[in-house]
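I opened this entry to record what I looked up in one protein model. My notes go from the overall layout to single residues.

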Amino acid sequence: APPPAARKAFYYEVDIDKDGNPCGLKLDFKKAGLCVAGIVDDGAVGKYNGSADVASQVQCSDWICAVNGETSIDKMVESMKGDQKLKIKLWRDDGFIVTVN
């Protein structure tokens, strides 16, 4: 059998209005950057996901590349905590689909 084909990785951006709510992301701090580890349903990102099409929803294992133009981990976290309007650039690596028989 041929090796599994990689699905295409891609960048995408979301505009989040926190509207007084917490951002609602659980983050995994890695050497490579910030990885989404969880999404709180009643947080701003969870509410955004509830109205966004599936391809534009923030998902676990997505990487946060920039928040409001900031790219350093400290500044991105500061923006997510303090800013009410967020423009978040993310990267999704869909990896491989493997069938185990």
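I read the elements from the N terminus on, and they run β-β-β-α-β-α-β. I took helices (H or I, at least four residues) and strands (E, at least two) as DSSP runs, numbered from the N terminus. The model is predicted, so to speak of local features I needed pLDDT of at least 70, and side-chain atom pairs count only at pLDDT 80 or more, while totals for chains, interfaces and linings use all residues. Residues are numbered from 1 along each chain as its sequence is written, and side-chain values use heavy atoms, with hydrogens and water left out.

I looked up burial next. Buried residues (under 20% relative accessible area, 1.4 Å probe, protein chains only) make up 33% of the 101 residues.

I then checked helix α1, residues 44-51, where A44, V45, G46, Y48 and N49 are buried. Their cover includes β1 (10-17), β2 (25-30) and β3 (33-39).

I went on to the largest nonpolar core, which has 20 residues. Such a core is a set of buried Ala, Val, Leu, Ile, Met, Phe, Trp, Tyr and Cys residues joined through side-chain atoms within 4.5 Å. I64 and M80 have the most contacts inside this core. I listed what M80 touches (heavy atoms within 4.5 Å): leaving out residues up to four places away in sequence, the partners include C23, L25, I64 and L86.

My last entry is D62, in the loop between α1 and β4. D62 counts as buried because its relative accessibility is 1%. Among the residues D62 touches, not counting those up to four places away in sequence, are Y12, C35, Q57 and W91.

Methods: Buried < 20%, exposed > 50% of the residue type's maximum accessible area, 1.4 Å probe, protein only.
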